[in-house]
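Sequence and coordinates are displayed below for reference.

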Amino acid sequence: MNPTVVDIPPSGIRKFFDIAAEMKDCISLGVGEPDFVTPWNIREAGIKSLKDGITCYTSNSGLLELRRLCCRYYSERFGVEYAPEQCIMTVGASEGIDLAMRMLISSGDEVLIPEPSYVSYMPCVRLSGGIPVPIRATAENGFKLTAETVRAAITPRTKALILPFPNNPTGGIMTREDLVEMSKALEGTDIIVVSDEIYAELTYRGTHCAFASIPGMFERTVTINGFSKAFAMTGWRLGYVMAPEPLLKQMLKIHQFTMLCASTTSQIAAVEALTHGFETDFADVRAMRREYNRRRNFVVRQFNDMGLSCFEPLGAFYAFPSIQKTGLDSETFCTRLLMEKRVAVVPGTAFGPSGEGFVRATYATSMEKLIEACRRIREFVESLA
Amino acid sequence: MERSFAMEILDILAQDSRTPAAIIAQMLNTSEEAVKAEIKRLEDEKILLRYTTIIDEEKTESESTIHALIEVKVTPQYRQGYDAIAEQISRYPEVRACYLMSGSYDFMVLVDGPNLRSVSQFVTEKLAVLNGVVSTGTHFVLRKYKDNHVVMPNGRDDYRQVVTP
């Protein structure tokens, strides 16, 4: 077997899954997906396509109509002008991450990755023969990646920088000013930025800023997004990657020979998601964001009130409170909370060693469950004092 | 588009009217006092009228309730239009709702009763004979599949795995 694969540890999240899945009356704040079901009009479009017998492949890069809509979406929502030829529909944003890494990395190339961050970046870099270079993002800095820390990490072998904002698990975001600063750190280098913007619509203060919209950055940016979070379509496995043609052409080859194309049913459903979205000025997305925002306010207040200091997450749907005060490490905290109070949260260490001292709690769960979960966590924290 | 404080509160209560003011305050990042004061204002001004329940009647032990939708055609009255007759219809305790409609009839009247006979009696003896009522058409509800956004029977609605990245 390939030693690179053998050496990659399994996702730290899995351990909890096995225990929690068997537990009765367990409230899970461990979920990384919306609690909303895909809106009915979108599901219906998928069903209709099956009834109509549209069960064939699409072109490798995906339905032209859908790519046009994705480009229009980036243009109208985030002010970035991509052409349909600069877009590939992928099997979730996850495939986009893999495509970008495989397209960019030669053996020994370094990739800068903020930490804590999503579990896939490190393994994808390693599988491509690259060397992940984690850069610690701290609560004091709002879990942003600072230009100084990036500058300090750049070496002649640095090939790419991953910018996953809004961030899973911290909820940190990068504003336009932050990204402009970041772009300055990249001047004089050939570093490509892989901007994972899957949580773009879940930004609670101001609107999301796409890295490709920063002056001079378009040519060196690979933008990744998808339908999972904004349209509650996780199980449909549909994302997209957008980049200037020289980069995109190479990714398309990998996609073509490994995936052929993304699910046709999902692509047709996504056409409805965006078409209806434009017709209604994305009312469903706004309603979802409003709902998440209330829950966000609630859980952040709750954590702070119970003495677990919680940075205000301005994006995604996670709270990332510090549990250092309890004296427990992240994994012990999560295991004991699960065993003693039947609440599942994810240890910060699942997102890299610098997640130690934190836990991730998803607030994409009904208020009823959030209230009960917070009550149990509070009981648990008080029992430790 | 920012929504007003009142609309935010009404929206939360529409989903769960038992949500305590303290929780609403945390959801909206404000104080409990502010929420309580606003709810009181909404009640005082008769904007927030009642906190009620949604029940799956098929699962209750009590005698079944019959629901009927009745189309009513009327002759609008001089100077009062539809208001006078609407008020009269609305006064009956059997009437759960009374709406003025566009289309081929004037009122949609929702009536509840313990059995078919009582509802029929109400229509023939009370509603149809009202001054101004031209005709009625009664539709009995056979089964409720969805009421107030709640699909019945209310089964499993969360198919997510317990822990995902």
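**A helix pair in chain B**

In chain B, F5(B), A6(B) and I9(B) of helix α1(B) meet V35(B), E38(B), I39(B) and L42(B) of helix α3(B). Two residues count as being in contact if their C-beta atoms, placed from the backbone, lie within 7 Å. The contact of α1(B) with α3(B) is made up of 6 nonpolar residues, no polar residue and 1 charged residue. In this classification Ala, Val, Leu, Ile, Met, Phe, Trp, Tyr, Cys and Pro are nonpolar, Asp, Glu, Lys and Arg are charged, and the others, Gly among them, are polar.

The axes of α1 (residues 5-15) of chain B and α3(B) come within 10 Å and cross at roughly 85°. Axes are lines fitted to C-alpha atoms, for helices over the stretch in contact, and angles run from 0 to 180 degrees between N-to-C directions. α1(B) is therefore roughly perpendicular to α3(B), a term that covers 65 to 115 degrees, whereas angles under 35 count as roughly parallel, over 145 as roughly antiparallel and the rest as oblique. Helices (H or I, at least four residues) and strands (E, at least two) are DSSP runs, numbered from the N terminus.

**Basis and confidence of the model**

This is a predicted model, in which local features need pLDDT of at least 70 and side-chain atom pairs count only at pLDDT 80 or more, while totals for chains, interfaces and linings use all residues. Residues are numbered from 1 along each chain as its sequence is written, and chains are lettered from A and ligands numbered from 1 in the order in which they are written.

The model scores ipTM 0.80 and pTM 0.90. pLDDT is the predictor's confidence in each residue, from 0 to 100. Its mean over chain B is 91, and 98% of the residues of chain B reach 70 or more. Within chain B, confidence is highest in helix α3 (residues 32-44), at a mean of 97, and lowest in strand β6 (residues 150-151), at 86.

**Domains**

In chain A, 32 residues of domain 1 are in contact with 37 residues of domain 2. On the domain 1 side, α11 (283-305) and β9 (318-319) of chain A each supply at least two residues. The largest share of that side, 5 residues, comes from α11(A). By class, the side of domain 1 of chain A that touches domain 2 of chain A has 17 nonpolar, 11 polar and 4 charged residues.

**The contact between the chains**

The contact takes 25 residues from chain A and 13 residues from chain B. On the chain A side, α2 (13-22), α11 and α13 (367-384) each supply at least two residues. α11(A) provides the largest share of this side, 6 residues. The side of chain A that touches chain B comprises 14 nonpolar, 6 polar and 5 charged residues.

**Sheet and hairpin**

In chain A, 7 strands form an open sheet of mixed pairing, in the order β2-β8-β7-β6-β5-β3-β4. Strands pair if DSSP finds at least two bridges between them. β2 (87-90) and β4 (131-136) of chain A stand at the edges with a single partner strand each, so one side of each is left without a neighbour in the sheet. Neighbouring strands of this sheet are turned by 20° against each other on average, direction ignored. Helix α9 (residues 245-258) of chain A packs on the sheet, touching β2, β7 (221-226) and β8 (239-242) of chain A, and its direction makes about 30° with that of β2(A).

In chain B, strands β2 (residues 95-100) and β3 (residues 107-113) run antiparallel and are joined by 5 bridges. L100(B) stands opposite F107(B) in β3(B). The hairpin of these strands has 6 residues between them, and G103(B) takes a positive phi near 105° there.

**Backbone exceptions in chain A**

Most residues other than glycine have a negative phi, and most peptide bonds are trans. A cis peptide bond joins F165(A) and P166(A), with omega about -5°, and another cis bond, with omega about 20°, joins N168(A) and P169(A). P166(A) lies in the loop between β5 and α8 (176-186) of chain A. R237(A), in the loop between β7 and β8 of chain A, has a positive phi near 50°.
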